[in-house]
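Student: I have a structure open and would like to learn how to read it feature by feature. Could we go through it together?
Tutor: Gladly; let's bring it up.

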Amino acid sequence: MSNDPGADGYPMASILRWPAHDIAESWRRELPGVRTESIEIITPVWRVAKLLADDRRRTLAGLGVDPSTLDLLSVIRRAGPPYELTTREITRRTLVTPGAVSQRVARAERAGLVERAPSSASRRAVAVRLTDAGHHLVETTVRRLLEHEADLVGGLTPDERQALTGLLARLERTLAPEPG
């Protein structure tokens, strides 16, 4: 990803040049008394999320990997040996619907990346296990993706990354508190 927002004809290039502070000031002028404190937080977070999501899609396309397939393989790989999860657990960990998980598993199974088997956890449950090909694909892709994304945040110092990590985690907790 280029540091110059307009370098690749990116459609957000023109709005990226208009700082969120200016947007907030404009709304304070146009709608006096309206609370605008969120603009200087949410607008840059939304823009950064959009830029990173677009970059990840381009990077994965360049690696020849579908994002939903990588999501499936990654959640199984992160579970550790024997690299298998039930479809119910995959649904819980990926935050997608059971139907979407079923479609992802079917696609990955056709591609030879996972295999289904009866689960040892329950007679009715289905376990999804990485194949050797799936294991190789997820590890190769994740290594390359994480190296690339480390470069993207490389302009921040370690202290800045740590502070941002903490602030984003705190914001996420306020937006989606843990059930409890």
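Student: Which side chain meets arginine 129 in a salt bridge?

Tutor: Keep in mind that this is a predicted model. For a salt bridge, look for a Lys or Arg side-chain nitrogen within 4 Å of an Asp or Glu carboxyl oxygen. Here arginine 129 pairs with glutamate 115, at 3.5 Å from N to O. Arginine 129 belongs to strand 3 and glutamate 115 to strand 2, so this contact ties together parts 14 residues apart in sequence. Arginine 129 is partly exposed at 27% relative accessibility, and glutamate 115 is partly exposed at 36%.

Student: In which sense do strand 2 and strand 3 pair?

Tutor: To read a sheet, follow the bridges from strand to strand. Strand 2 (residues 114–118) pairs with strand 3 in the antiparallel sense over five bridges, and glutamate 115 has arginine 129 as its bridge partner there. Strand 1 (residues 84–86) also pairs in the antiparallel sense with strand 3 (residues 126–130), over three bridges.

Student: How many salt bridges does the structure hold?

Tutor: There are 16. One of them links glutamate 40 to arginine 28, with 3.8 Å between the closest N and O atoms. Glutamate 40 is in helix 3 and arginine 28 in helix 2 (residues 20–30), so the pair connects parts twelve residues apart in sequence. Another joins glutamate 37 and arginine 35, whose closest N and O atoms are 2.6 Å apart. In that pair, arginine 35 is exposed, with a relative accessible area of 67%, while glutamate 37 is partly exposed at 44%.

Student: Which residues touch the most other members of the largest nonpolar core?

Tutor: For a core, look for buried nonpolar residues whose side chains touch. The largest one has 18 residues, and Ile76, Ile90 and Val114 touch the most other members. Helix 4 (67–78), helix 6 (98–110), strand 3 and helix 7 (132–152) each give two or more residues to this core. The largest share, five residues, comes from helix 4.

Student: And on the outside, which residues form a nonpolar patch on the surface?

Tutor: The patch consists of Ile41, Ile42, Val45, Trp46, Val153, Leu156, Leu164, Leu168, Leu171 and Leu175, which together have about 880 Å² of accessible area. Helix 3 (39–63) and helix 8 (158–175) are the elements giving two or more residues to the patch.

Student: What joins proline 81 and proline 82?

Tutor: For backbone features, turn to the torsion angles. A cis peptide bond joins these two prolines, with omega about 10°. Proline 82 sits in the loop between helix 4 and strand 1. Tyrosine 83 is placed in the loop between helix 4 and strand 1, and its phi is near 60°, a positive value in a residue other than glycine. Leucine 95 likewise has phi near 60°; this leucine lies in the loop between helix 5 (87–94) and helix 6 and is exposed, at 77% relative accessible area.

Student: Which residues does UniProt list for "domain: HTH marR-type"?

Tutor: The unreviewed UniProt entry gives residues 38–173. That span is 70% helix and 10% strand, and its end C-alpha atoms lie 16 Å apart.

Conventions:
Residues are numbered from 1 along each chain as its sequence is written. This is a predicted model: local features need pLDDT of at least 70, side-chain atom pairs count only at pLDDT 80 or more; totals for chains, interfaces and linings use all residues. Side-chain values use heavy atoms; hydrogens and water are left out. Patches are made of residues with over 30% relative accessible area and no salt bridge: like charges are joined within 9 Å, nonpolar side chains (Val, Leu, Ile, Met, Phe, Trp, Tyr) within 5 Å. Accessible areas come from the Shrake-Rupley method with a 1.4 Å probe; for residues, only the protein chains shown count as cover. Helices (H or I, at least four residues) and strands (E, at least two) are DSSP runs, numbered from the N terminus. UniProt positions are given in the numbering used here, feature names are shortened, and annotations may be inferred rather than shown by experiment. Two strands pair if DSSP finds at least two bridges between them. A nonpolar core is a set of buried Ala, Val, Leu, Ile, Met, Phe, Trp, Tyr and Cys residues joined through side-chain atoms within 4.5 Å. Buried means under 20% relative accessible area, exposed over 50%, partly exposed in between (1.4 Å probe, protein chains only).
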